[in-house]
Amino acid sequence: MNEDNDKLSAEQLQQIKDATRAAPPPHVVARWHDAIDSAAEREAIAARPKPQSFSPSSFFWGAAITAAVAFGVAIGVFIGNDKPVMTETYANVEAAPQAQPASAFSRGLQVHFQQSRQDLTRLDNTVNGERAELVMNIVQQNRLFARMAKQNDSEDLARVLRAFEPVLLRLSSEDITPEEAERLRSQLAFELDIVLTKLSQRASDRTDAIET
Amino acid sequence: MVAVIKERSAPTKAEFHAAIARRSPGWYSACLRITRNEHLAEDAVQDALLNAWNKREQFQSSSSLETWIHRIAVNSALQLLRKNKPERWNELEFEVADESATPAEIHAGSELESSLANCLRRLTDVERVCFVLRHLEQWRVLEIADELNVNEGRVKQALFRAVRKLRVSMADLRSDDHE
């Protein structure tokens, strides 16, 4: 069987090509531009000259504090903009049906972060291929939650989730050095801890609100 | 005369932004044809951009940055599709039992599609991917076989079935137009 004997004409192929051409939504194109900016920014930060009195612990804390400040701001934005679900629920009975899915979403997100945190601690003991697989699983889950956050009108949370992606993808690269992998892994673990703490606090606040 | 060969440095951030502005609809369309899922196509392009950025030192100036990213995006789309539907990529799927079906049977067994874009919907994932890679992306059969981890014969079968179905679909459309 030779596929060359059973071709469509050039005109037909062009028609199919034209008919299946699609423009990406503008917000998606903006996301692609952002992804490049974020990757370039992270690279620039990583390339900055190290302090002369370098010690591994001081470097770690420096990176950790920078990450904490950046993420603190991002989380502050999304927590600040987030609608007070329980308050609205009690103020308006009609809002109640929305509270349950939002709460289920938060719990799911919490589980995802906890799982990701555990997976990241396992990264040390994995070889390149396994590491890429493990990290890509986290990326897929992350994207799922980012989409759900967007559907729940939590654009800021979606942005925070997407902010993890360039780091995760860099971690899955084959050409990453063990030092860089360790630094990124620590940074991610630290950032995940912060988000987890914030999510726990929100859950606890809601419980208090129910009890009072 | 001394020829001055200017070694091209890795593409810059500005060049990536310019490439996105110029060619992202083409990358997205290619990924969408493969995945038939908007979210997967968006993710494939994003993966491709970040991969290309991380490996930009390896970029060869013999091809354009846009073409290079296009190829990476198509590979990312294939990866995501296989990851999402692993069962579709086993040997059995390549042996879809419609080898004996005649164009008339295919015609009778399927509804008339309303548009040319929908013609591709009549194909299985395997047939569509083989067709898109071979005829719209200009890959060689051997490259497709390597990528899908099957032998060339399987790819040729899938291509044969795909083209046959598309011919029927397009003939249906033409006869609709004439009526």
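Author: B:His135 is buried, because 21 other C-beta atoms lie within 10 Å; a residue counts as buried if 20 or more other C-beta atoms lie within 10 Å of its own, exposed if 12 or fewer, and partly exposed in between, with C-beta atoms placed from the backbone. This is a predicted model, in which local features need pLDDT of at least 70 and side-chain atom pairs count only at pLDDT 80 or more, while totals for chains, interfaces and linings use all residues. Residues are numbered from 1 along each chain as its sequence is written, and chains are lettered from A and ligands numbered from 1 in the order in which they are written.

B:His135 belongs to helix α6 of chain B, residues 125–136; helices are DSSP runs (H or I, at least four residues), numbered from the N terminus. Between the C-alpha atoms of B:His135 and B:Val163, 28 residues apart along the chain, the separation is 9.8 Å.

Neighbours within four places in sequence aside, B:His135 is in contact with A:Leu8 and A:Leu13, contact being C-beta atoms, placed from the backbone, within 7 Å. Across the two chains, 31 residues of chain A are in contact with 38 residues of chain B. On the chain A side, the elements giving two or more residues are α1 (10–19), α2 (26–47), α6 (128–151) and α7 (155–171). Of these, α2(A) gives the most, with nine residues.

In chain B, α2(B) is mostly covered, with 13 of its 17 residues buried.
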